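Please examine the structure shown below. The paragraphs that follow treat its domains, its helix packing, its strands and its chain contact in turn.

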Amino acid sequence: MRRRAPLAGALLWAFALVYLAPVAFMVVGSLKPDALVLREAGSLAAFWPEGASLQNFRDVLRRVDFPRYLLNSLIVTGATVALGLVVNGLAGYALARLRWRGRRAALALVLALLVIPFEAIAVPLFYLVSLLGWRDTYTVQVLPFVANAFAVYLFYSFFLDLPRELEEAARVDGAGVLRTFWSVVLPNARPVLATVAVTTFLFQWGSFLWPLLVTTSEAVRPLPVALAVFQTLPPRQWGDILAFGVMMVAPVVLLYLLFQPAFLRGARLAGPKG
Amino acid sequence: MAGLRPGGLRIEGLRKVFPDGTVGLEGLDLTVEEGELLVLVGPSGCGKSTLLRLVAGLEAPTAGRIRIGGREVTGLPPQARDVAMVFQNYALYPHLTVAGNLEFPLRMRRMPRRERRRRVAEVAALLGLEGLLGRRPAELSGGQRQRVAMGRALVRRPALLLLDEPLSNLDARLRVQLRAELAALQRRTGVTTVHVTHDQAEAMTLGHRVAVLRAGRLEQVGPPEALYREPATAFVAAFLGSPGMNLLPGRLRREGGGWTLEVAGARWAGGEGPPPAPEGPVAVGVRPEHLSPEPGEAPQPAAALSLAVAAVERLGHETLVHALPPGEAAPAGWGEAVRGAAPPTVALRLPAQARQPAPGETVAVRPSGPLHLFAPAAGERLAAVEPPV
């Protein structure tokens, strides 16, 4: 154990408070009567759950079709994760292992795509999907995010490090290229699968700008957009808004708890060898 | 009908040039008979693993043809060749149990479940793996992993079994034990086998026939004792045996009605008649066990070779002496193939009871077994002569 300087320790605590305070505010506020939330917002009492009840949560469920938004988010995120694992996994495998003309150029292109932020292509993409008539569907929220340069890169570098003999043994044992990928490569790629699944999930679950642009109806609207709309609905009840936020964050926390071992394994795997 | 059997492996004019221009194999012909165990041996980088990978279909040849079990397989992918392979690091599937690993090749061939169970049980019994079927590769010792790899290769009764240095990751004691098991297993199953190794002792003890490979070319193929007794090249002579054959610079001369052989300062009278090979420089090979110290002290006869002892290794049942001859060990006139093969010192193999020379001492020795004469340029065998009396 290394001893930290007292100043550094104090700074770390300060940072931790800055990050945790809003979360604590949200959770505590969601349990309080609406009138109290605003009145106590400026004081430390904001972190004390006085008169705690689940009334705000009931109100949210009564005022809007929260299950619908939750389902929309689950469908969009789930489909993106599932399709993304297949597409990016195969792409990374092809780049790392198969020999084909243009492989190097394709790899360079994928790496170049890493530096382009989504916001830069949002408008041309919006124009494109409008032409295709895809607006206000699940498809338009899923398809543009299935192929992902970062995920391809993660798979690619993982497969490069996988012992080649495993695949050669599978080939000699009677498996073709796809069968080898499915039966031998993927089962040994769990750490990278988990990492890609989690990063994709987090990205899609919190995605706001794109669904705001392309969705108009409640039937396909995901949680972040629904929350933004909910904030504008009169009467503006801060306790309800905070309760909405808690319900939106809960699945992410659940996912983190479920995947924590895989997360750690992935981190160890990506770290220095030996 | 022996000799007409369609099985086995036929390789014709096999050539492999890698994309970077390196030549892995240059035009190689080799036949392995059905049921035979052929050991492919050579120093690292000689192309033996390349040859195995070409036969397995893991690499594509630049030219040449491969037939397995009477069927042309040159263009076929690995899964269509009916070969099995054991890799140097075993390449067991980490996510499957031992039973899962053994079953894998059968599952890939869509064998019914009951038949798979039966075969796995059979091969597990053959290799003594019954108690380990539920374990994963990470929970096995090196020797157990090796057995599982063998089992996975044998379980579907392939037309051809390829072994790529299967014993080199084991410690010495286990290696010797598994070497014997491997030979017994091959005899029992009768599967045509090509075993690649860089260990000449493995080649000598294991193979029905041994093929020595150097720089992408076959130097010699034959039964181990034939290779040991009559090496076709200076390279094979020096490579086989532990230590290998000594190579000394010599010269053949016609003299009167007969001939003489001069070796590193010693002069031996041959017989009457013409010399066994053309006059001039030769590389003289002699086995370490065929050099005996002269009894008694000086003065030494002209026929004795005097050597400066550099190192002495006592092995218990015998003693190895490494000594330096007078003059150059490998003269500049020798070709690359001969110079590269020649050991840097002259080795003597002495019985444990014999007087043990000390380092720094000079010993006089005289050949007591055949002398092999090789052409100094390319290293091909010219003749063998009996030792001078």
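How far apart do the C-alpha centres of domain 1 of chain A and domain 2 of chain A lie? The two centres lie 32 Å apart. This is a predicted model, in which local features need pLDDT of at least 70 and side-chain atom pairs count only at pLDDT 80 or more, whereas totals for chains, interfaces and linings use all residues. Residues are numbered from 1 along each chain as its sequence is written, while chains are lettered from A and ligands numbered from 1 in the order in which they are written.

The domain assignment of chain A consists of domain 1, residues 6-53, and domain 2, residues 66-270; such bounds come from an automatic or database domain assignment. Helices (H or I, at least four residues) and strands (E, at least two) are DSSP runs, numbered from the N terminus.

Helix packing in chain A can be followed through one pair. The axes of helix 5 (residues 103-113) and helix 8 (residues 149-161) of chain A come within 8 Å and cross at roughly 125°. Axes are lines fitted to C-alpha atoms, for helices over the stretch in contact, and angles run from 0 to 180 degrees between N-to-C directions. Helix 5 of chain A and helix 8 of chain A are therefore oblique to each other; angles under 35 degrees count as roughly parallel, over 145 as roughly antiparallel, 65 to 115 as roughly perpendicular and the rest as oblique. Their crossing is left-handed, a term used if the near helix is turned anticlockwise from the far one by less than a right angle, with right-handed used if clockwise. Helix 5 of chain A contributes Val110(A), Leu111(A) and Leu113(A), and helix 8 of chain A contributes Ala149(A), Val152(A) and Tyr153(A). This contact has six nonpolar, no polar and no charged residues.

Helix 4 of chain B passes helix 5 of chain B in a right-handed crossing. Among the residues making the contact are Met150(B) and Leu154(B) of helix 4 of chain B and Leu178(B) and Leu185(B) of helix 5 of chain B. By class, five nonpolar, four polar and no charged residues take part.

The domains of chain B are domain 1 (9-236) and domain 2 (243-385), and their C-alpha centres lie 38 Å apart. Their contact takes five residues from domain 1 of chain B and 11 residues from domain 2 of chain B.

Turning to the strands of chain B, four of them form an open sheet in the order 2-1-4-5, with antiparallel pairing; two strands pair if DSSP finds at least two bridges between them. Strand 2 (23-32) and strand 5 (71-72) of chain B are the edge strands, each pairing on one side only. Strand 4 (residues 63-68) of chain B pairs with strand 5 of chain B over two bridges, and Arg67(B) has Glu72(B) as its bridge partner.

Strand 16 (residues 305-314) of chain B pairs in the antiparallel sense with strand 19 (residues 362-367) of chain B over four bridges and with strand 17 (residues 318-324) of chain B over six bridges. Leu307(B) has Val363(B) of strand 19 as its bridge partner, while Arg314(B) stands opposite Thr319(B) of strand 17. Strands 16 and 17 of chain B form a hairpin with three residues between them, and Gly316(B) in the turn has a positive phi of about 95°.

Finally, the contact between the chains takes 15 residues from chain A and 17 residues from chain B. Helix 9 (164-172) and helix 10 (177-185) of chain A each supply at least two residues of the side of chain A that touches chain B. Helix 9 of chain A gives the most to that side, with six residues.

How values were computed. Two residues are in contact if their C-beta atoms, placed from the backbone, lie within 7 Å. Ala, Val, Leu, Ile, Met, Phe, Trp, Tyr, Cys and Pro count as nonpolar, Asp, Glu, Lys and Arg as charged, and the others, Gly among them, as polar.
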